[in-house]
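Me: I want to learn how to read salt bridges and a chain interface from coordinates. Please show me the structure, then take one feature at a time.

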Amino acid sequence: MHVALAQLVTGLSISAVLLLIALGLTFTFGQMRVINMAHGEFIMAGAYTAYMLQGPLGHQSLLVALPVAFVVAGAIGLVLERLLIRRLYGRPLDTLLVTWGVSLILQQVARDLFGAPNVEVRAPTWLDGGVDVGGITIGANRLFIMAIVVVSVTAIWFYLTRSPQGRRTRAVVENRQLAACSGISTTTVDQRTFFIGSGLAGVAGVGITLLGSVGPTLGSNYLIDAFLVVVVGGLGHLRGAVLAAIGLGLLRAYVEYWSHASIARVVVFLAIVAFLQARPQGLFVLKTRSLQ
Amino acid sequence: MLTVSGIDVAYGRSRVLFDVSLEIPDRALVCVMGRNGVGKTTLLHALMGLLPCGSGRVTFDGSDITGWRPERRVKAGIGYVPQGHEVFGQLTVWENLQVAWEVSTAAKASAIDDALDLFPRLRPLLKRRAGFLSGGQQQQLSIARALVGQPRLLLLDEPTEGIQPSIILEIEAAIVGLHRDGLSILLVEQYLDFAIRLADQYVILDAGEVARAGPASELGEPAVRQLLSL
Ligand SMILES: Nc1ncnc2c1ncn2[C@@H]1O[C@H](COP(=O)(O)OP(=O)(O)OP(=O)(O)O)[C@@H](O)[C@H]1O
Ligand SMILES: [Mg+2]
C-alpha cells in the first residue's frame, strides 16, 4: 500500500514533466506539421538557465528561474523558427531531419559552454522536506513540480479558450486558409505558438533540475517519452496530452518499481503499440484543414 | 474598385487561368459564371492571395496588391466567403465572428451586431459550436464572418450551392441589401436566374479565359445561355 502510494507520486511527477514537454510538441505539430527533434534542447536550455541563475541569486533562485527559463527557451525556439523551421512548414519528415541536426549542434554548444560533466542545481531550502501522507513522505520537490505543471496547463487552457490570441491560434490550427482569409496573420500566430511551446519546455527543464543533475543530453532523455505522449494523446489535443501523460508516467513508475528501468521501457512501448493498434489516431482526433 | 489585368494562374505546372482581365466598378455587383471546373474558385483564390499570379496584376483602390498576403488584403477591405460554407467548426458561432472582428482595424464596435441583424437566425445559436450548424446556417455565418471586418469589396463563391430554398431567399435578400448600401460585390454563381435578378454586370469564364462580359441585361440572350450549358 505504501509502495503503491509512493510510486503514484513518483509517476505523477514524471507525468507532469512529460506533459509540459509534450504540449509544445503537440501544438507545433498540430498547427504547423513540424516534428521538432530540437525540442529537447529547450528543456536543456531551461535547466542550464536555472544553473546559471543560482550563481548570482543563490539558493532561492528557482522561482526567478521559472519565468526566465520560459523566456530564454522561448526565444531560442523563436529564433530557430524564424531562421529554419518556417521554411519547412507542412513537411514533417524534413523538419525531423533538420531539427535533429540542430539538436546535436545545440548539445555541442552546451558542452562547450558548460563542460561535458553534469552539473548540480541546488534546490531551495524550502523544498528540502516533505509532506507525510498515510505513513509515507512525499518529497516537496515532487509536489512543487506538479504545482508548476498544474499552473502552466491551467494558464494554457485559459489562453487558448479565453484570450483573443488563443482564439486566433485555434482558428489557424483548424483551418489555416480560412484564418488567413479572415484577416488573421498566420505568421504571427505561428511564432507565438512556437515561443510558448518552447518556453514550456524551458519551464519543464527547471522542474527537472529538482529530480537530478543537468547535462547536455538532458533533453533528449525526455524527448522520446514526450513524443509517445503526443502520439497516444492525439495530435494537437490538450485533453489528450493530459490523459496520455498521466497514463504513461504512472505505467512507467509502477513497472520500474517492480522490475527495472529498461524493462519498464519495453513494457511502456508494448503498451503503446497495443494501444495504437486499437486506436491509431490517438485518444482524440483533431479535425484540421491546415497545411494539407 | 478592383481591377484584374491579364492574370495567369496555375497549380504547379497545370495552368487553369489564362490572361484573365476584369473590372469591378465601385458599388457594382459583378457576377462571374462558368461551367464546373472552369476556374472560378481559382480566380477568387488568386484575388485573395491564396494562389500566386504567374503574370498580370491585381489592383484594389489604386494600390497594386498582386503580391500581398491574404490577411493584408482583408485589412485593406476585401471580404471573402469561400465555396462550401466554411467555418471554424471547433469555435462557437460567436467566436467565429469575434476572431475576425478582433483582427480588423477598421471595423466599428457594432460590426458583429450589424452582421447578426442581417442573419437573425444566428442570434440564438451564438454559443453553439459552428461545426454543429446546418449547411445553410454555416453559410450565413460564413458571410457574417466576412462582413464583421466591414469590407468594401465582398467576394462570394457560390453562396447558394446546396442550400435549401428558404435560406437561399434570405441570403439573396442580404446580398441585395448589402449591394444597395453601396458594397461592391463579386459573386460567383451557377444559377442564371439568380444572377439575372442580382447582377449589374457579368463575366463568363470558359476554358480558363474570359469568354464574354457585359451588362447583366445580356444574360437572357441565347449566345450567353450557350456558353453556360454543358
Ligand atoms: N489544388 C489543386 N491542384 C490542382 N488542380 C486543381 C486544384 N484545385 C483545382 N484544380 C483544377 O483547377 C480547375 C479549376 O478549378 P476550380 O475549383 O477553380 O473550378 P470552379 O470553376 O470553381 O468549379 P466549381 O463550379 O465546381 O466550383 C479544375 O480543373 C480543377 O481540377
Ligand atoms: Mg468553385
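**Salt bridges and the A/B interface**

Reply: A:R91 has a relative accessible area of 42% and is partly exposed (buried is under 20%, exposed over 50%, partly exposed in between; 1.4 Å probe, protein chains only). This is a predicted model, where local features need pLDDT of at least 70, side-chain atom pairs count only at pLDDT 80 or more, and totals for chains, interfaces and linings use all residues. Residues are numbered from 1 along each chain as its sequence is written, chains are lettered from A and ligands numbered from 1 in the order in which they are written, and side-chain values use heavy atoms, with hydrogens and water left out.

Me: Which residue meets A:R91 in a salt bridge?

Reply: A salt bridge needs a side-chain nitrogen of Lys or Arg within 4 Å of a carboxyl oxygen of Asp or Glu. For A:R91 the partner is A:D94, at 2.8 Å from N to O. A:D94 is partly exposed too, at 30% relative accessibility.

Me: Is A:E81 buried or exposed?

Reply: A:E81 is buried, with 0% relative accessibility. Its side chain forms a salt bridge with that of A:R82, again 2.8 Å from N to O. A:R82 is partly exposed at 24%.

Me: How many residues of chain B are in contact with chain A?

Reply: Contact means heavy atoms within 4.5 Å. By that rule, 24 residues of chain B touch 21 residues of chain A. The rule for salt bridges finds 2 across this interface. A:R170 forms one with B:E95, the closest N and O atoms being 2.7 Å apart.

Me: Which elements of chain B give two or more residues to the side that touches chain A?

Reply: They are α1 (40-48), α2 (70-76) and α3 (93-103) of chain B. The largest share, 7 residues, comes from α3(B).

Methods: Helices (H or I, at least four residues) and strands (E, at least two) are DSSP runs, numbered from the N terminus.
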